[in-house]
Amino acid sequence: MIYELPTSVEVNGSEYQIRSDYRPILDILLALEDPELNDQDKALVVLSVFYPDFEDMSPVDYEEAVKKCFWFINCGSEGQNKKSPKLMDWEKDFQQIVAPINRVAGKEIRSIEYLHWWTFISYYYEIGDCLFAQIVRIREKKAKGKPLDKSDKEFYRKNRDLIDIQTKYTEAANQLIEMLAGNGASSKNS
């Protein structure tokens, strides 16, 4: 068990300070979802955001440093490698997540200067029944192919923009999709 909230990690025998507030971690998670970034770019974002003194780090430490960052993001666990459907998106869902977290925390978390990531996640795990929980429940049913009851169907119909997670494409892919959609529309009109 880890009783303290870490603000540094050991990488190959050297201690490095980390950005342990929830905001940089959310920035890292968003970068990891960015289709415009390749794996090397994502690793550099992880390192430069997570470690304030990244420029002083030896390149031989990068791999271990990335692993320590993911250990931290997973709140001190090695994480699970099992694949599961994507039921939430930090960027899309943040507005629906922050209100119940504020309720659990008893304060507006966006207005406080610092909130440790592990504390933020502890609040997140305790949000209980709320709009976000309903959104995730419907996403899970849809991902598993389970039927929606009448009230879920109605909620989904009215809140599709909150529930559906859009696939993120590169700018080039978006242009191709728009071009194909445009050609498809013009060929249908011909």
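How much accessible surface does the protein have, and what percentage of that surface belongs to carbon and sulfur atoms? I looked this up first, bearing in mind that I am working from a predicted model, and I noted an accessible surface of about 12200 Å², of which 50% belongs to carbon and sulfur atoms.

**Entry: overall make-up.** I went through the elements from the N terminus on and wrote down the order β-β-α-α-α-α-α-α-α-α-α, which gives nine helices and two strands for the protein. I then checked burial, and I found that buried residues account for 33% of the 190 residues. For the contacts between residues at least 6 apart in sequence, I noted that 64% join residues at least 24 apart.

**Entry: α1 and α2.** I turned next to helix α1, residues 22-32, and helix α2, residues 39-50, whose axes come within 9 Å and cross at roughly 175 degrees. Since an angle over 145 degrees counts as roughly antiparallel, I recorded α1 and α2 as therefore roughly antiparallel to each other. On the α1 side I listed P24, I25, I28, A31 and L32 as making the contact, and on the α2 side K42, V45, V46, V49 and F50. Sorting these residues by class, I had nine nonpolar, no polar and one charged in the contact of α1 with α2.

**Entry: α6 and α7.** How do the axes of helix α6 and helix α7 cross? I found that the axes of α6, residues 131-143, and α7, residues 150-158, come within 11 Å and cross at roughly 105 degrees, and as this angle lies in the 65 to 115 range, I put down α6 as roughly perpendicular to α7. From α6 I listed L131, Q134, I135, R137, I138, K141 and K142, which meet D152, F155 and Y156 in α7. By class, I noted five nonpolar, one polar and four charged residues in the contact of α6 with α7.

**Entry: D93.** Is D93 buried or exposed? I located D93 in helix α4, which spans residues 90-105, and I read off a relative accessible area of 0% for this residue. I then asked which residues D93 is in contact with, leaving aside its neighbours within four places in sequence, and I wrote down M88, F132, R139 and L162. Going back over my α6 entry, I saw that F132 and R139, two of these partners of D93, have numbers that fall in the residue range 131-143 of α6.

Key:
Residues numbered from 1 in each chain as written. Predicted model: local features only at pLDDT ≥ 70, side-chain atom pairs only at ≥ 80, totals over all residues. Heavy atoms only, no water. Axes fitted to C-alpha atoms, helices over the stretch in contact; angles between N-to-C directions. Helix = DSSP H or I, 4+ residues; strand = E, 2+ residues; numbered from the N terminus. Parallel < 35°, antiparallel > 145°, perpendicular 65-115°, else oblique. Contact = heavy atoms within 4.5 Å. Nonpolar A, V, L, I, M, F, W, Y, C, P; charged D, E, K, R; others polar. Buried < 20%, exposed > 50% of the residue type's maximum accessible area, 1.4 Å probe, protein only. Areas by Shrake-Rupley, 256 points an atom, 1.4 Å probe, with all protein chains shown as cover.
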